[in-house]
Amino acid sequence: MPEQLELQHLVDGDEESEIAIHNRNSVLPIRRSCPYLGLILATLSSLFFSLCSVIVKGLVDVHPMELAAFRFVGVLLPTIPIIIYKGEDPFPKGRRLMLILRSFVGTTGLMLSFYAFRHMPLADASVIVFSVPVFVAIFARIFLKEPCGLFNVITICLTLIGVILITRPPIIFGHSVGSFANSNAEREHTDVKGAVSAFAATLFGANVYILLRALKGLHFSVIMTNFGSFALVQTITVTWAIGALCLPRCGMERLLIVALALFSFGGQILLTLALKMEQAGPVAIARSADILFAFFWQILFFNEIPNRYSVGGAILVTSSVLLTGLRKWAVSLPETSNVKKWLGILAV
């Protein structure tokens, strides 16, 4: 269960990682007939979530906080029938404070990631937000007293170097290095705010892992219902407070908002099915396709060509995430596995 909880929504959400994986045996016949189906579904999930990021960045007339509210509609609605069918207590005693804290941390993290998607190059923001699993080791060490070995230290250092290359802080790179050839002072200022938001979203997301471990005994519908309800209230309140609450225009704008909710829901379902058919490690590796999609959409839809710093940073961060997923897979293999022996250094 902890391994499943550790597979967070690596680009723009973490709720799909909360869906408990029950009755794995029921999908074994399907897995035998198509052994790579789980990885294919995980890749399609990445495609759907990356399209959500494109919509957030492209709908410039709708504030990111309001888009986050619509996003959470897609989280809440599917879980209401489930919690009613299961007869679960939606707000169990003894776990209420933890549920509220988890909801606040998760909602804030997603709001920050949406802000980053809007104010940063899409690929850069996706890479930073996608690095969440690497930072979990830090907070697991602080709050859960879990060991943080040499492997974790190496992946964290690689990720931090990658984030620095992507964000290019002026204190290190000066003010002459922008994301694109036509960058100016205003664009650099905007990118800095977006980079801070992306990194903060990553830290909030890493803390969600820790809170999910404390809530792992609850049915996923309870966590999701509380998360969706709290998130709707928080996002609508924040949007109203900053004066950005408005009714989207008719036509393409509303269609894209509906697509945002549908892509979010579709991504969750596909990832859930992928986790039922495959272990968390390989699924996490397949989900790294999100970064490739982000670079493709950035060039195709926004005509933004990443420079060598962004590409280099993306390679470092993606390598760290891939190594983390590979290690989880190696640890889960039986001791007699030749693959585990070959990957022994990762399994330690």
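Tutor: Let's start with the buried residues of α7: Val132, Pro133, Val134, Phe135, Val136, Ala137, Phe139 and Ala140. Buried means under 20% relative accessible area, exposed means over 50%, and partly exposed is in between, with a 1.4 Å probe and protein chains only. Helices are DSSP runs of H or I with at least four residues, numbered from the N terminus. Keep in mind that this is a predicted model, where local features need pLDDT of at least 70, side-chain atom pairs count only at pLDDT 80 or more, and totals for chains, interfaces and linings use all residues. Residues are numbered from 1 along each chain as its sequence is written, and side-chain values use heavy atoms, with hydrogens and water left out.

How far should α7 span? The expected span of a helix is 1.5 Å times one less than its number of residues. For the twelve residues of α7 (residues 132-143) that gives 16 Å, and the end C-alpha atoms are 16 Å apart, so the two agree. After α7 comes Lys145, with a positive phi near 60 degrees. Most residues other than glycine have a negative phi.

Asn303 is another one to look at: its phi is positive, about 55 degrees, although it is not a glycine. Asn303 sits in the loop between α14 and α15 (308-332), and it counts as exposed because its relative accessibility is 63%.

Now compare α4. This helix (residues 64-86) has 23 residues and reaches 34 Å from first C-alpha to last, close to the 33 Å expected. At Thr79, α4 bends by about 30 degrees, and Pro81 follows within four residues. The bend is the angle between axes fitted to the seven residues ending at a residue and the seven starting there. Gly87 follows α4 and has a positive phi, near 70 degrees.

What about the inside of the fold? The largest nonpolar core has 53 residues, and those with the most contacts inside it are Leu67, Phe72, Phe114, Met120, Val127 and Trp297. Apart from that core lies another, of ten residues, including Leu211, Leu212, Leu215 and Val222. A nonpolar core here is a set of buried Ala, Val, Leu, Ile, Met, Phe, Trp, Tyr and Cys residues joined through side-chain atoms within 4.5 Å.

Let's follow Val127, which belongs to helix α6 (residues 122-130). Val127 counts as buried because its relative accessibility is 1%.

Phe296, in helix α14 (residues 289-302), is partly exposed at 47%, and its C-alpha is separated by 8.4 Å from that of Ala123, 173 residues apart along the chain. Ser46, found in helix α3, is buried with a relative accessible area of 0%.

Together, Tyr36, Ile40 and Leu44 make a nonpolar surface patch of about 310 Å².

Conventions: Helices (H or I, at least four residues) and strands (E, at least two) are DSSP runs, numbered from the N terminus. Patches are made of residues with over 30% relative accessible area and no salt bridge: like charges are joined within 9 Å, nonpolar side chains (Val, Leu, Ile, Met, Phe, Trp, Tyr) within 5 Å. Accessible areas come from the Shrake-Rupley method with a 1.4 Å probe; for residues, only the protein chains shown count as cover. A salt bridge is a side-chain nitrogen of Lys or Arg within 4 Å of a carboxyl oxygen of Asp or Glu.
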